[in-house]
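Hi everyone, thanks for coming.

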Amino acid sequence: MRRLVCSKTVTTNRIKGVMLAWVLVAVFPSVGRSADSLIETTLEDTKLYFTAPLRWDEQDWLYFGGALVAIGAAHSFDERVRDHFATGSKAILNGGRDTNSLRDAAPTAALIAGTGLYAAFIDDRDGYREAWSLIEAGAFSGITAEALGYAAGRERPDATTSANRWGKGGDSFPSLHTTVAFAVGTVFAESGNDEYRWIRRIIGYGVASATGYVRVSENVHWLSDSVAGAALGMATARFVLNRQAVQEGAAALQFQPVKNGWLVSYSMRTH
């Protein structure tokens with residue numbers, strides 16, 4: 001009974017966090033548009049995001065397939081990675097309690113807050129838009145991760161030693177923290193001008209990668225949870241950046257398969 005109550009509490013807190021993010025999207029101030037335009041744009045973005053698979057092209061399906069392969073490969077190492085990190089107090093099965101959830105979310109939240117506060121300090125229209133994009137990426141990816149987590153029902157590695165406990169009421173797959181961190185971090189890394197691009201990428205991808213690593217090393221997520229979260233987060237960031245490009249006529253982030261990896265590049269949208 002204690003374990004069930006704990007699981008419900010963790011899930012409730014996660015849902016509250018995602019709902020709070022969505023409220024922030026709805027009420028975030030001053031992004032260079034009127035309130036009516038802001039609501040209209042948000043609703044349009046929401047519709048396009050959640051129906052995006054209906055419009056995927058060959059490149060999108062290739063990315064999706066590559067993500068599935070990466071997740072599958074990571075899953076084959078799940079238990080070995082858990083054994084590596086689950087030592088001492090981390091090896092104790094505590095029913096999936098996540099005591100460091102807020103701490104691990106803090107760096108991603110700081111990226112959003114810092115961008116918004118700096119934009120307000122210098123009263124920069126582009127800064128407001130960037131802060132909006134960060135929040136939107138976090139909200140979209142977080143809601144998607146929550147829905148997938150509920151559907152998968154996978155137990156966390158601090159609740160079981162088996163990586164194949166699916167449909168058991170857990171919320172491990174994908175990692176919510178990693179998903180949102182990669183969505184926000186990628187948008188942060190690829191937004192703005194190119195003058196400080198290398199700094200932005202170090203910060204954005206650094207926060208995202210560190211978050212994914214910490215969630216695994218603390219034994220609150222399987223390796224494949226974080227890999228899935230990274231893929232979902234980057235895909236969401238790509239959507240948000242492309243929508244931003246359509247609305248503002250800026251460059252859009254593109255992922256292209258190349259030999260031995262992926263090419264991250266920009267392309268111009270003319271429609």
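So, to begin: what percentage of the 271 residues of the protein chain count as buried? The figure is 46%. Keep in mind that what you're looking at is a predicted model.

Let's get our bearings. The protein chain has nine helices and two strands. If you start at the N terminus and follow the elements along, they run α-α-α-α-α-α-α-α-α-β-β. What about contacts? Take those between residues at least 6 apart in sequence: 72% of them join residues at least 24 apart.

Now I'd like to zoom in on helix 5. It covers residues 101–122, which is 22 residues. From its first C-alpha to its last, helix 5 reaches 32 Å, close to the 32 Å expected at 1.5 Å a residue. Where does helix 5 bend? Look at Pro107: the bend there is about 40°.

Which residues of helix 5 are buried? They are Asp104, Thr108, Leu111, Thr115, Gly116 and Ala119. And what do these buried residues pack against? Their partners are helix 6 (125–152), helix 7 (176–190) and helix 8 (197–217).

Keep going past the end of helix 5 and you reach Asp123. Just after the helix, Asp123 takes a positive phi of about 50°, although it is not a glycine. Asp123 lies in the loop between helix 5 and helix 6. Is Asp123 buried or exposed? Exposed, since its relative accessible area is 59% and the cut-off is over 50%.

There's another residue like this to look at, Asn219. Asn219 is not a glycine either, and it has a positive phi of about 65°. You'll find Asn219 in the loop between helix 8 and helix 9 (223–248). Buried or exposed, what would you say for Asn219? Asn219 counts as buried, because its relative accessibility is 1% and the cut-off is under 20%.

While we're on loops, here's a backbone detail. The peptide bond from Phe173 to Pro174 is cis, with omega near -10°. Pro174 sits in the loop between helix 6 and helix 7.

Last stop: empty space. Rolling a probe the size of a water molecule over the atoms shows where such space is left. How many cavities of 30 Å³ or more turn up in a search of the whole structure? There are two. I'll stay with the second largest cavity, which holds about 40 Å³ of space.

Which residues line that cavity? They are Asp78, Val81, Arg82, Pro157, Val216, Asn219, His221, Trp222 and Leu223. By type, the lining of the second largest cavity divides into five nonpolar, two polar and two charged residues.

That's my tour. Happy to take questions.

Methods
Residues numbered from 1 in each chain as written. Predicted model: local features only at pLDDT ≥ 70, side-chain atom pairs only at ≥ 80, totals over all residues. Heavy atoms only, no water. 1 Å grid on protein atoms, 1.4 Å probe; cavity = no way out; pocket = protein on both sides within 12 Å on 5 of 7 lines; lining within 4 Å. Points joined across faces, edges and corners; volume = space filled by probe spheres on them. Nonpolar A, V, L, I, M, F, W, Y, C, P; charged D, E, K, R; others polar. Helix = DSSP H or I, 4+ residues; strand = E, 2+ residues; numbered from the N terminus. Expected span 1.5 Å × (residues − 1). Bend = angle between axes of the 7 residues up to and from the residue. Buried < 20%, exposed > 50% of the residue type's maximum accessible area, 1.4 Å probe, protein only. Contact = heavy atoms within 4.5 Å.
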